[in-house]
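Dear colleague,

Please find below the structure that I am handing over to you. My notes on what was found in it follow directly after the model.

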Amino acid sequence: MTEFPSSKWADYELIDCGCGEKLERYGNVVMARPEPKAIWDRSLPLEKWDRMMHTRFSPGAGFGKAGKEDCGTWSRNKAFKDQWYISYHGLQKGLDFKLRLGLTSFKHVGVFPEQAANWEYIYANTRPGMKVLNLFAYTGAASLAARAAGADVTHLDSVRQVVNWASGNMESSGLDNIRWVVEDAMKFARREAKRGHLYNGIILDPPAYGHGPDGERWKLDDYLFEMLRTVAQILAPHGSYMVLNLYSNGYSALLGETVVREAFGLRDESAFSLKSGELALRDSFGKALPLSIVVRLALK
Ligand SMILES: C[S@@+](CC[C@H](N)C(=O)[O-])C[C@H]1O[C@@H](n2cnc3c(N)ncnc32)[C@H](O)[C@@H]1O
């Protein structure tokens with residue numbers, strides 16, 4: 001399975017990609033950013049990129065190295081506001097939200113557009129009143145999709161500013177009552193397991209490296225299996241779902257499927273559905289750019 005955002009998304013477009021960069025439009029703002037996976041040539045000449053873009057992110061010293069993966073600086077070619085908004089109007093009725101964007105020193109802007117396929121899955125599989133937990137939740141698009149479907153949502157991230165950003169996104173989307181948690185994801189999941197708390201939907205997008213608010217170390221290779229074993233204890237045994245997303249290079253969809261299968265001890269094939277694949281973007285020239293792997297588990 002390979003999924004792409006709908007080409008009807010008016011506020012987002014991958015214009016071109018190649019030579020280790022991607023050229024994207026978020027609302028009216030066009031930007032160039034590093035994209036190590038774009039190992040082919042650009043479709044448009046570089047001069048055209050330079051003419052179109054408002055801003056370009058240039059990697060700094062240490063870019064790509066552990067702990068400094070995405071550091072660098074933005075140069076501005078044309079004027080635009082420091083903060084601006086984009087809307088997501090999903091393929092399904094009622095899946096609508098707004099996200100505030102801004103340039104951060106880590107090349108990110110506040111949304112991962114290829115995640116739109118997950119937002120659609122979450123919205124389609126969430127019923128009003130379901131309890132949904134979003135771990136490593138960043139600026140909250142997945143939390144908004146679950147809330148728009150009527151879920152009782154807990155949104156967790158280790159960075160206070162990012163959680164405040166997500167809370168602003170909830171307000172600008174006309175949504176309310178998301179529970180905000182600033183904590184280490186592993187710590188929180190272990191505590192929920194100890195307390196016997198259950199969720200009907202769990203979403204997680206763990207990075208390769210990270211930190212909890214008290215310096216707790218997160219390393220995907222070391223902790224993913226334990227995290228999933230803990231998630232298995234707090235996911236309701238029936239009528240529930242889990243969405244695992246991984247951006248980490250070197251992890252395949254099949255690896256994701258196997259780690260989930262083993263962590264949950266999934267054996268009786270009639271009791272669950274387990275699907276894995278890639279989330280990707282397609283540029284305006286038709287080139288497909290795979291960006292993350294996704295594993296979706298539904299317990300019947
Ligand atoms: C890849 S981003 C998630 C992107 C998000 N799923 C989306 O599509 O918008 C990873 C997030 O994990 C958070 N994080 C890193 N280490 C963490 C930890 N130990 N506990 C909780 N959150 C952590 C970061 O602050 C960051 O917001």
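Two strands are taken to pair if DSSP finds at least two bridges between them. Helices (H or I, at least four residues) and strands (E, at least two) are DSSP runs, numbered from the N terminus. Please note that this is a predicted model: local features need pLDDT of at least 70, side-chain atom pairs count only at pLDDT 80 or more, and totals for chains, interfaces and linings use all residues. Residues are numbered from 1 along each chain as its sequence is written.

**The sheet**

**The S7–S8 hairpin**

Strand S7 (residues 83–89) is joined to S8 by 7 bridges, and the two run antiparallel. His 89 has Asp 96 as its bridge partner in S8. The hairpin formed by S7 and S8 has 6 residues between the strands, and Gly 94 in the turn has a positive phi of about 95°. Strand S8 (residues 96–102) has a covered face made of Phe 97, Leu 99 and Leu 101, while Asp 96, Lys 98, Arg 100 and Gly 102 form the uncovered one.

Tyr 123 lies in helix H2 (residues 116–125). Is Tyr 123 buried or exposed? Tyr 123 is buried, because 23 other C-beta atoms lie within 10 Å (20 or more make a residue buried, 12 or fewer exposed, and numbers in between partly exposed, with C-beta atoms placed from the backbone). Leaving aside neighbours within four places in sequence, Tyr 123 is in contact with Gly 90, Gln 92, Leu 95, Ala 145, Ala 148 and Ala 149 (contact requires C-beta atoms, placed from the backbone, to lie within 7 Å).

Gly 150, which follows H3, has a positive phi, near 95°.

**The ligand shell**

Of the 21 residues around the ligand, Phe 136, Tyr 138, Ser 158, Asp 205 and Gly 210 come nearest (a residue is near a molecule if its C-beta atom, placed from the backbone, lies within 6 Å of it). H3 (141–148) and S13 (209–211) each supply at least two residues of this shell. By class, the shell has 11 nonpolar, 6 polar and 4 charged residues (Ala, Val, Leu, Ile, Met, Phe, Trp, Tyr, Cys and Pro count as nonpolar, Asp, Glu, Lys and Arg as charged, and the others, Gly among them, as polar).

With kind regards

Terms used: Contact = placed C-beta atoms within 7 Å.
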